[in-house]
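Please examine the following model with attention to its overall composition, its individual residues and its charged side chains.

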Amino acid sequence: MDDYSGLPVSLPEICAPRKELLRRIDRAAERQIICIQAPGGYGKTVTTLLWLKQTNCHAAWHCFDEYDNTPALFYMAFCRLLSSATQRDTQRDKDISGLINATGFRDTPVEFTIELLATADFGRERVVLVIDDFHKINNATIIKSLPHVLKRLPENITVIFLSRTGLPDTFDILRNVNKVSMVDSSELAFSVDEIMKYLASYGQFATEQKAQEIRVYSEGWIILINSMITSGNLQMDEKKSLLSYKTYFEKNVWNNMNEKKRKFLMQSAVPDKFTADLCALLTGVKDCKGYIDILIQGNANISVSGGVYRYHDLFREFLLEELAKSQIDKAELYRKTAQYYLSMNDFYTARRYAFRSRDIPVIAESFKKTTEDKNKSMDEYIESLKVFLEGEFSDEICEKLPILYASQVVYQYYSGNAPKFEFYMDRMKAAVPVLARDFPQVMEAVMSCFMMDYRIKYAEIAAMISRAPAAVQNSGKQQIGSSTFYMPFLHRSGRDFYALAKPEVYEMVATGVNKVLLKENSECLSLGILAGLYIEQNALNEASQVFSQARSALNAEVSHEIGYAIILGQAEAALLNGNRNAYELHLNEAGTYVETNSAHHLKQNLLAYKTKRGLLDGDKKTAEQWLSNYYVNDSNLKSLYKVYQSITTARAYIVLGKLDEAFSALQAVKSMADAMDRPLDGTEADVLISIIEWAIGKKKESADRLLKRIPFLQTYGFIRVVANDGKAVLPVLSAVIRKLGKETDSDDATSRFVRELYVTTYEQSKRFKGVASALKLKPVKLSKQQTLVLELLSKGHNNAKIVKLTGLSLNTIRYHTKLAYQKLDVTNAMDAIVKARQLGLLR
């Protein structure tokens, strides 16, 4: 097996044969997916190596880490793994390389990987892929999509997962067709017989009873047994940690090395993986490859893949602890590592090591490069920020390096975490003088953050920009993704631009903010926002005219995110006007625009937009298809940049009658929207919640909820955010009108506005069946006896007391309680009381 295969380069000098365990893996390999699951130190790596050695197949090995925890990076590594495991084929390798480097791979990696599996020829010889440290991968999109990818593997490819945890529930689709085998720590653990033989290999002989004691004490943990045997200390006490892997490395590796070798290991352990060039930069050793080959003979503490070296996690942890105790300049090592990755254009890895170096110029350079990077998808960008901030970030460091506040501001904003966004935004504001003095190269990115702050009035933002340095106002082209989030409606994108419905505010933002910050994108974005607001006001003809004006202004310099949103805006205006032909035309144009410009990152929200059309008709198949998409899950419901998809997910749940799931999704959207001044998003969530409440019989709550949104809608003349749901929301609006008719303090203007809202909603109801049309909910009705029993239970009476109070028998009480539970779809008294009160069945 060649170096590119990624297999650890050698086996330990002393390695128990473990024939029975290898036979167990042989049996497991009768299925296509094997998961070897155990804590660190149980020999997952060595066992897999032993099995691969005797199997004599083509194999490839990749150790994943938390920085691979994005769909793009994970599937990129997976595709390379496929390529390196199979027999060399120049054309196929070129095809795979071209696929990975394709413009759209990072945006739609799952689709590209499936295309690879469908088109590439992987031969007929047996191939094994080893996915090591899979427990470090927890991205919901990867977890949901991977089983569907693995389903498409050719039969000659086996995948072995090495993990400290088991495979997630999403793998049930593979378990259910007998494609998954599990090997756990109880099977990896050394048996009594193996312990006796292992002792004997060191010239130590023990009775079966002594070996049994060691087995019980160590729980078969191989690295602990190694430590006990190689140290000659077979004493067993409660302090197992004293005989840990650190002791093993110290006694069997570290103590056998001179200072030169120790220094080399510590220096090269600074990056989590390294090439020979990086190693030479850090250690000063010219022939690093030859030096490493000498050092690793006889142990399996390092692996190599494609010329990239990586220490075993436990060994690297040991080396870093030794480095921390040494006098070596650690900051300098981190600085060199950061500069190396900057030179390789790996800006995100560079940022991580720059941060650890505390070197201001290197930090500033890496930060600037990451903000300018246009290659990462939005998901990848957010996930990389998350890993960076959770692993490296502290408020104390930010006080010394305030440039880092911008990373927190962007991440918390995108994630929809209003309290943390406001906290870090305030910190960054206070640091602006320092940032302008020490980091002028990033001030444009800092100024863009102010546009995110929904607490700042647009007039204040315009004033800030007018006072900004000329370098900011005259700088070049900007990346627009952070301003639009790839949303199909520009007026509800990076910000909810509802306030721009006032002409004077629109004019100020279009000329004083967008024109400065968004440069060549300014005109089209501003027109797209205006046209979207016209749609909200049901001024559909005006919206169509402005969208046409924006379409005419489109050119090659304008961001694709804005271009596709303008075309979708034309489609939306046509749909609401009842012009199906124009709607289909513009929808097809949007798809063509995305494909022609290789704007694959727009496909998810484009599909969400298309899906909404079917959901408005209550189409269950459309709902099921949407929820089956690998990127649709409940983990990002509060994320601001996913808000359009989250609302689509909630609609799909309603259509399928999954009202609890829909309610949870909408509450997540609503809480984010209310906290971040996004009243249009919040209103749409409330409209859908009111539809759910009406359907389950909570009609008063439904009407009250919608009524609370009327003042906002009336202020800006917004109609469509309610009316678009047509038939589903029509009865709620009728109840609102009746309520207003009974209120003595309601004014004529409000009544007229709500009636206009009702008329538009009624017109919409004639075009679509409504999101709730498929719901067949029967109103819950309890008998007098059932209601009485629940009322008494709600007052804290037990069954015995209820018997005395009512004169009914105990069996009768139990019978009525059981029926009430069944009607309310609950299993206990507390839930029955809560639900009955929600439905208005109890006082």
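A contact is defined here as heavy atoms within 4.5 Å. Of the contacts in the protein with a separation of 6 or more, 72% are accounted for by residues 24 or more positions apart. The model is predicted, so local features need pLDDT of at least 70 and side-chain atom pairs count only at pLDDT 80 or more, while totals for chains, interfaces and linings use all residues. Residues are numbered from 1 along each chain as its sequence is written, and side-chain values use heavy atoms, with hydrogens and water left out.

The protein has 46 helices and 8 strands; these elements are DSSP runs numbered from the N terminus, with helices (H or I) of at least four residues and strands (E) of at least two. Its accessible surface comes to about 36,500 Å², and carbon and sulfur atoms contribute 49% of that area. Accessible areas come from the Shrake-Rupley method with a 1.4 Å probe, and for residues only the protein chains shown count as cover. Of the 843 residues, 56% count as buried. The classes rest on relative accessible area: buried means under 20%, exposed over 50%, and partly exposed in between (1.4 Å probe, protein chains only).

Val159 is found in strand 4, which covers residues 157-163. Because its relative accessible area is 0%, Val159 is buried. Leaving aside residues up to four places away in sequence, Val159 touches Gln32, Ile33, Ile34, Leu129, Ile131, Leu150 and Leu153.

Arg351 has its place in helix 18. Although its side chain is charged by the counting convention used here (Lys and Arg positive, Asp and Glu negative, with His and the chain ends not counted), Arg351 is buried, with a relative accessible area of 5%. When residues up to four places away in sequence are not counted, Arg351 touches Ser366, Thr370, Ser384, Leu385, Phe388 and Ser407. Arg351 and Ile363 are 12 residues apart in sequence, and their C-alpha atoms are 6.5 Å apart in space.

Gln408 lies in helix 22, residues 405-415. At 5% relative accessibility, Gln408 also counts as buried. Its contacts, again without residues up to four places away in sequence, are with Leu389, Phe393 and Tyr424.

Asn345 lies in the loop between helix 17 (330-343) and helix 18 (347-357). Phi of Asn345 is near 60°, a positive value in a residue other than glycine. Asn345 is exposed, since its relative accessible area is 56%. Asp133 belongs to the loop between strand 3 (127-132) and helix 6 (140-150). Phi of Asp133 is likewise near 60°, positive in a residue other than glycine. With a relative accessible area of 9%, Asp133 is buried.

Asp133 leads on to the salt bridges. A salt bridge is a side-chain nitrogen of Lys or Arg within 4 Å of a carboxyl oxygen of Asp or Glu, and by this rule the count comes to 35. Asp133 forms one with Lys136, the closest N and O atoms being 3.8 Å apart. Lys136 counts as partly exposed, at 22% relative accessibility.

Arg335 is paired with Glu332 in a salt bridge whose closest N and O atoms are 2.5 Å apart. These two residues are separated by about one helical turn, because they are 3 residues apart in helix 17. Glu332 is partly exposed, with a relative accessible area of 26%. Asp617 and Arg613 also meet in a salt bridge, at 2.9 Å from N to O. Asp617 counts as partly exposed at 21% relative accessibility, whereas Arg613 is buried at 18%.

On the surface, Asp634, Asp660, Glu661 and Asp825 gather in a patch of negative charge. Patches are made of residues with over 30% relative accessible area and no salt bridge; like charges are joined within 9 Å, and nonpolar side chains (Val, Leu, Ile, Met, Phe, Trp, Tyr) within 5 Å. The place of a charge is taken as NZ of Lys, CZ of Arg, CG of Asp or CD of Glu. Glu661 is found in helix 37, residues 659-675, and counts as partly exposed at 35% relative accessibility.
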